[in-house]
Amino acid sequence: MGTDFLQYVISGITIGAIYAMVAIGYNIIYSVTEIINFAQGEFVMLGGLFAVFFAGTLHLPLYLAFICAVAVAGCLGLAMDRFIIGRARESSVLSLIIITIAVSILLKGSAMLAWGKDPYSLPAFSSGGPIMVAGAAIQPQALWITGICALVVIGLTLFFRKSVYGQAMLACANNPQAARLVGIPVRYMVFLSFILSAAIGAAAGVIITPVSMMEYERGALLGLKGFGAAAFGGLGQFFGALVAGLILGLAESFCAGYLSSGYKDAVALVLLLMVLFLKPEGLFGNREAARLKKF
Amino acid sequence: MGGKPSMLLPLIEKIMLTVKSIHTYYGNIHALKGVSLHVRRGEIVTLVGANGAGKSTLVNTICGMEKPARGQIEFNGEPIEGLMPENIVGKGIALVPEGRQIFSAMTVEANLLMGGFVHRNNREQVRADMDRFFGRFPILKDRRHQLAGTLSGGEQQMLAISRALMSRPQLLVLDEPSMGLAPLMVKLILSIIRELKDEGRTILLIEQNARAALKIADRGYVLETGKVVLQGEGQELLEHREVKRAYLGKGAKQIWEA
């Protein structure tokens, strides 16, 4: 019983870290543009599949494949803003959000054409068997996932809190006109947000592929759960996204373990609904700030 | 400040901003119909006019928020029309926009930090300037960690002015700084503008309280339906029959007379 519990906690944290990273991707673009980028899940999927392409097809070493996949996704994020979102810049935020849904469908379809419908896997980042802790097995890859996630959260939190450019990105979201008037090049900040968020999503996709494989249609569900975590933690809150992602991962893992794995995908949606009914600004959202925002 | 031998040169040199027959359209509306004006270093120039006369359009055109269809704008002898607003700040013009437009969901401190964005590579200067404004407006210091949107209207205006000054502009443009404020706050904001004038700053001021604005200003321009219809020294305009009739009114409440 105790071993089972521990095992569920470990797998919950692992998957929760992935949700947190996806949620952070939403948060970055939302923080700068107030757009919720529903193509975020597709960047996760593309990250995984590009890593498979670089490592499996081009036989690059794994770390290079990781870097290349993240870089390609970053470029796709930039292209998405430059050629699609940027063209509709004058439209309302809601229209832009709907455009992101279209981009998501486009990316998913292209991935299906490029990679087919089969799932792909990657070798784990480090070899060696699972580490046994009190009877529960920890895969080394789980450590990689949580470690990379922690690094991303800490790095981004510092960036947005402490650096002038991070603050400038927030200023763009809060009042783009005023941001331009104090000399912030809003267009570049938006580019940067799309690159960052696609890259982080892709990183999540690469690190999860050795554990749970990747295929063209995984993005939608990962994106949805990541969005659940982002809303649950409070949109724009990086620490909130981390906590909410972990809670979501644990809840799913327990549900799969103690109830039935058939219900596990519903957990995220139930959680999301509860948050929206009871605390729309999210766990860590600032009610005051939420009221001062447009969306 | 080299002493030039010519008698005329110093006068020309003192001119900081020149607007030459600017035309700006809002869609089909011809909002500015060939407006010309100039601002000399160290003076306060005010734009007076009714709603819809084109005052805000004019400052928005100067600051790059609107693109002029025709005409020239020169700042320190350099053409700036058609530049992006984010580049114009770097040239030394800062706008305190109508309605304040502070970063409401960010802290007071972050607002000031953003005001110094163009000097982001000079941290000491930004810090020192910020402390200076905290010294000048202690209320902002008390609320430095509060979200700017929770400040009162007057405090937000102080923040907006401080934020604009953080870029160390050569020319400060104020668009309706007293709009929507309580009478006491209007008085306070006007006294701040007077202080800025005493510091020798160059200011282009739009103000609905024509009387108060003309009293502070060295010179003024009266705008009507997109054209300059009158110009002159502040005092002169104050006593002008037309201005009195149209903008000052008889027996208007004089709450702004500090």
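Mentor: A residue is buried if 20 or more other C-beta atoms lie within 10 Å of its own, exposed if 12 or fewer, and partly exposed in between, with C-beta atoms placed from the backbone. This is a predicted model, in which local features need pLDDT of at least 70 and side-chain atom pairs count only at pLDDT 80 or more, while totals for chains, interfaces and linings use all residues. Residues are numbered from 1 along each chain as its sequence is written, and chains are lettered from A and ligands numbered from 1 in the order in which they are written.

Trainee: Why is Ser21(B) called partly exposed?

Mentor: Ser21(B) has 13 other C-beta atoms within 10 Å. Buried requires 20 or more and exposed 12 or fewer, so Ser21(B) is partly exposed. Ser21(B) belongs to strand S1 (residues 15-26) of chain B; helices (H or I, at least four residues) and strands (E, at least two) are DSSP runs, numbered from the N terminus.

Trainee: What makes Gln101(B) count as buried?

Mentor: Gln101(B) has 20 C-beta neighbours inside 10 Å, and therefore counts as buried. Gln101(B) sits in the loop between strand S6 (93-96) and helix H4 (108-115) of chain B.

Trainee: Which residues of chain A touch chain B, by kind?

Mentor: In total, 19 residues of chain A are in contact with 25 residues of chain B. Helix H6(A) gives the most to this side of chain A, with 6 residues. The residues on that side divide into 11 nonpolar, 5 polar and 3 charged. Here Ala, Val, Leu, Ile, Met, Phe, Trp, Tyr, Cys and Pro count as nonpolar, Asp, Glu, Lys and Arg as charged, and the others, Gly among them, as polar.

Notes. Contact = placed C-beta atoms within 7 Å.
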